[in-house]
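Subject: Structure handover

Hello,

Here is the structure for your set. Please open it alongside this message; notes on what turned up follow below.

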Amino acid sequence: MRIGIVTREWPPEVYGGAGVHVQHLVAALRELPERPRIDVHSFGAPRDDATGHPVPETLRGANGALQAIGVDVGMAAALDGVDLVHSHTWYANTAGLLAGLVHGIPHVVTAHSLEPRRPWKAEQLGGGYRLSSWAERTAYLAADAVIAVSAGMREDVLAVYPDLDPARVHVVRNGVDADAYRPVEAPDTVRALGVDPDRPYALFVGRITRQKGLPHLLAAAEQLPGDVGLVLCAGAADTPGERQEVADAVAALQARRDGVVWLEAMLPREQLVPLIAGATVFVVPSVYEPLGIVNLEAAACGTAVVASAVGGIPEVVDDGRTGLLVPHDPDDPDGFVDALAARMTELLTDPERAARMGAAGRERVLAEFGWPAIARQTVDVYEAVLGARG
């Protein structure tokens with residue numbers, strides 16, 4: 001079996017959960033006993049372990065969505081000879097769609113997020129948001145199979161695209177590398193980042209995008225006890241305006257309380273893991289989240305999670321056991337902020353309870369979210385699709 005994986009992100013250019021997913025899925029697929037051949041095609045420069053596809057010269061000044069479609073055309077041409085193509089995110093969905101049509105092969109899509117559920121992307125893509133939405137819809141409706149990363153995501157896919165046959169939408173949940181993300185005590189590493197490891201602190205890790213709900217967290221921080229810290233590992237803003245909004249809110253918060261640290265960078269794992277493991281609570285205030293790999297990474301590090309009860313998050317955070325969930329009503333943002341602050345305070349002021357939840361989260365990750373099992377389930381989808389094609 002020869003599989004073509006098409007993705008925007010591939011190391012060293014990984015900036016979000018979808019990129020992390022693809023990286024670990026490919027590694028796990030290659031370790032299966034039957035060892036399927038995996039050809040990775042990614043956006044960008046050539047790599048030793050993937051075929052890179054740069055933006056065509058004639059599209060260098062075009063809208064970002066048009067650039068993506070241009071890359072996809074080159075990817076589709078390069079996929080001749082594979083038995084099946086598997087695309088990740090709208091950026092690469094058109095590559096899978098075109099490859100399926102031109103080469104007569106099945107196309108499998110993994111649904112990491114849905115464009116109609118992210119209207120704020122219009123701020124980033126402008127008119128390209130209409131193109132990205134078209135690309136996603138067209139690919140999903142034509143795909144031989146759609147893999148949703150959670151049961152909640154499957155429901156969302158079928159709600160957004162009701163013409164899809166439910167039998168073609170499968171659930172294969174996200175996973176986490178529990179060897180890479182594990183409880184690590186390294187207070188000197190944490191201190192070197194400007195964070196006091198001896199002080200209880202809440203930690204946020206994610207991109208600066210409307211989806212992640214960072215402004216809600218900054219508002220909630222006003223209500224936290226004065227003796228706790230807040231650490232924001234947040235960068236890669238979707239737009240300059242969003243970045244400035246966060247910068248202004250952080251500066252205002254720092255003027256009123258100490259212990260607020262903003263690390264505007266995507267930290268290397270050797271720094272990030274001790275930072276997560278040292279936190280009393282890991283906070284995920286997302287307003288939309290198909291599953292959220294960061295929830296799994298925090299749990300794997302043995303850290304309790306406080307997260308909004310949206311999308312697939314309730315499938316990862318076991319409320320009251322591995323963390324606490326916060327109901328989210330988009331029509332009541334103030335209520336969400338108050339509830340988020342209250343839940344965070346519960347654990348920040350009771351570190352022993354938080355530690356018990358963190359330990360339970362680690363146990364659950366080891367039992368349910370390993371990449372070898374996820375790779376096996378993914379191959380089951382491949383085999384079913386190929387079998388249906390005859």
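Rings of Phe, Tyr and Trp (its six-membered ring) pair if their centres lie within 6.5 Å; planes under 30 degrees apart count as stacked, over 60 as edge-to-face and the rest as tilted. Phe43, Trp90 and Tyr91 form one aromatic cluster by that rule.

Ground rules next. This is a predicted model, with local features needing pLDDT of at least 70, side-chain atom pairs counting only at pLDDT 80 or more, and totals for chains, interfaces and linings using all residues. Residues are numbered from 1 along each chain as its sequence is written, and side-chain values use heavy atoms, with hydrogens and water left out.

Aromatics
The whole structure holds three aromatic pairs. In one of them, Tyr140 and Tyr161 are tilted, at 5.4 Å centre to centre and 55° between the planes. This pair links distant parts of the chain, 21 residues apart. Tyr140 belongs to helix H5 (residues 128–142), and Tyr161 to the loop between helix H6 (151–160) and strand E7 (169–171). Helices (H or I, at least four residues) and strands (E, at least two) are DSSP runs, numbered from the N terminus. Both Tyr140 and Tyr161 are buried. Buried means under 20% relative accessible area, exposed over 50%, partly exposed in between (1.4 Å probe, protein chains only).

Strand E2 (residues 37–43) has six of its seven residues buried, so the rest of the structure largely encloses it. Strand E1 (residues 2–7) runs parallel to E2, joined by six bridges. Two strands pair if DSSP finds at least two bridges between them. Thr7 has Ser42 as its bridge partner in E2. On to strand E3 (residues 51–53): three bridges join it to E2, again in parallel. Phe43 stands opposite His53 in E3.

The six-stranded sheet
An open sheet has the order E10-E9-E8-E11-E12-E13, with parallel pairing. Strand E10 (260–263) and strand E13 (323–326) are at the edges with a single partner strand each, so one side of each lacks a neighbour in the sheet. The twist averages 20° from one strand to the next. Helix H9 (residues 240–256) packs on the sheet, touching E9 and E10, and its direction makes about 155° with that of E10. Helix H13 (residues 333–348) lies across E8, E11, E12 and E13, at about 170° to E13. Axes are lines fitted to C-alpha atoms, for helices over the stretch in contact, and angles run from 0 to 180 degrees between N-to-C directions. Contact means heavy atoms within 4.5 Å.

Seven of the eight residues of helix H11 (residues 293–300) are buried. Their packing partners include helix H1 (17–30), helix H10 (269–278) and helix H14 (351–368). Gly302 follows H11, with a positive phi near 80°.

Leu291 lies in the loop between E11 and H11. Its relative accessibility is 1%, so Leu291 counts as buried. Not counting residues up to four places away in sequence, Leu291 touches Val149, Ser150, Asn174, Leu296, Gly312, Ile313 and Val316. Arg269 is 22 residues from Leu291 in sequence and 21 Å from Leu291 in space, C-alpha to C-alpha.

Best regards
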